[in-house]
There are 2 protein chains.
Amino acid sequence: MKLLTAVATCAACIVIASPASAQFQKPDDAIAYRQGAMNVMGEHFGRIGAMVNNKAPFDAKLAAENAAVVAFMSKLPFAGFIEGTEKGHDTKAKPAIWKEADKFKAAATKMQEDVAKLNTVAQGGNMDEIKAAFGEAGKSCKACHDEYRAK
Amino acid sequence: MKLLTAVATCAACIVIASPASAQFQKPDDAIAYRQGAMNVMGEHFGRIGAMVNNKAPFDAKLAAENAAVVAFMSKLPFAGFIEGTEKGHDTKAKPAIWKEADKFKAAATKMQEDVAKLNTVAQGGNMDEIKAAFGEAGKSCKACHDEYRAK
């Protein structure tokens, strides 16, 4: 498996914190947007996972770069879960997202906090800390997917 | 059209500059990734477009936030144009991407430079400057799409 140079990122990106903008031309655009953002986030998260699970050599710089992308991306997809996007564009989003919006938002916030922590430790380069933080963030991802994403 | 609060970003994000990492499990993952990243970039770029084309009220903060997302996203998709991803996952990528890789890379770099400039002026908040930089960046997007993306 090749480990090429990842995106050069900035520590300041850790602080991105407020909710993303919602302004879509049509419902399917919102769905494609959230799926795209989730996909990009998942790819970079998975690259850290490969390292902490010994499926790829540990590379502190690469872990830091990927974590920064994950932290940045984590803010984006939720803007796409707007009313009227419960169906369409092959969405796996469950209706519960809109029925219990506060709970969904809390789960999203938890994930964002966890990946922000992952990013913070990843910038430090300590593999054990990254592994622990990755595990916590992974739990948040899974909890939300289990609850709100159809198989 | 509602203009909700967009992602809070950081001026330091302007400087992200090196190529993105390529490390995909399978070719379709790379295609979905690049499409996802392009989608997210396009959404935020389009929001600036709506403002500079008087289809949405000009909001300097929103323009700055969207431009920062565009600049960040511009670094990501090209990692997905790896060998073996000429077909699959409904890609519209033309074979020329791989036949004239240097030319494609130059076009990608031109776009990245143009959106970096857009981001720089967007952080300043001057509508006329944003409009001019948006126009230049839009030309780069279009040139590359005309050349390398099937209709």
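Contact here means heavy atoms within 4.5 Å. With that in hand, let us walk through this predicted model, in which local features need pLDDT of at least 70, side-chain atom pairs count only at pLDDT 80 or more, and totals for chains, interfaces and linings use all residues. Residues are numbered from 1 along each chain as its sequence is written, chains are lettered from A in the order in which they are written, and side-chain values use heavy atoms, with hydrogens and water left out.

Gly88(B) belongs to the loop between helix H2 (60-73) and helix H3 (96-99) of chain B; helices are DSSP runs of H or I with at least four residues, numbered from the N terminus. The C-alpha atom of Gly88(B) is 7.8 Å from that of Pro27(B), although 61 residues separate them along the chain. With 32% relative accessibility, Gly88(B) counts as partly exposed, the class between buried (under 20% relative accessible area) and exposed (over 50%), using a 1.4 Å probe and protein chains only.

Now to the aromatic rings. Over all chains, the whole structure holds 15 aromatic pairs. In one of them, the ring centres of Phe104(B) and Tyr148(B) are 5.1 Å apart with planes at 80°, so this pair is edge-to-face. Rings of Phe, Tyr and Trp (its six-membered ring) pair if their centres lie within 6.5 Å, and planes under 30 degrees apart count as stacked, over 60 as edge-to-face and the rest as tilted. Phe104(B) lies in helix H4 (residues 101-124) of chain B and Tyr148(B) in helix H5 (residues 127-148) of chain B, so the pair ties together parts 44 residues apart in sequence. Phe104(B) is buried at 8% relative accessibility, and Tyr148(B) is buried at 4%.

In chain A, Phe78(A), Phe81(A), Trp98(A), Phe104(A) and Tyr148(A) make up one aromatic cluster. Phe104(A) is also among the buried residues of H4(A), which include Met111(A), Val115(A) and Leu118(A). The buried residues of H4(A) pack against helices H1 (27-52), H2 (60-73), H3 (96-99) and H5 (127-148) of chain A. Just after H4(A), Gly125(A) adopts a positive phi of about 85°.

Finally, look between the chains: Arg47(B) lies over the face of Phe24(A), 4.8 Å from the ring centre. The charged end of Arg47(B) also sits over the ring of Tyr33(A), 5.6 Å from its centre. A charge sits over a ring if NZ of Lys or CZ of Arg is within 6 Å of the ring centre and within 35 degrees of the ring normal.

Notes. Helices (H or I, at least four residues) and strands (E, at least two) are DSSP runs, numbered from the N terminus.
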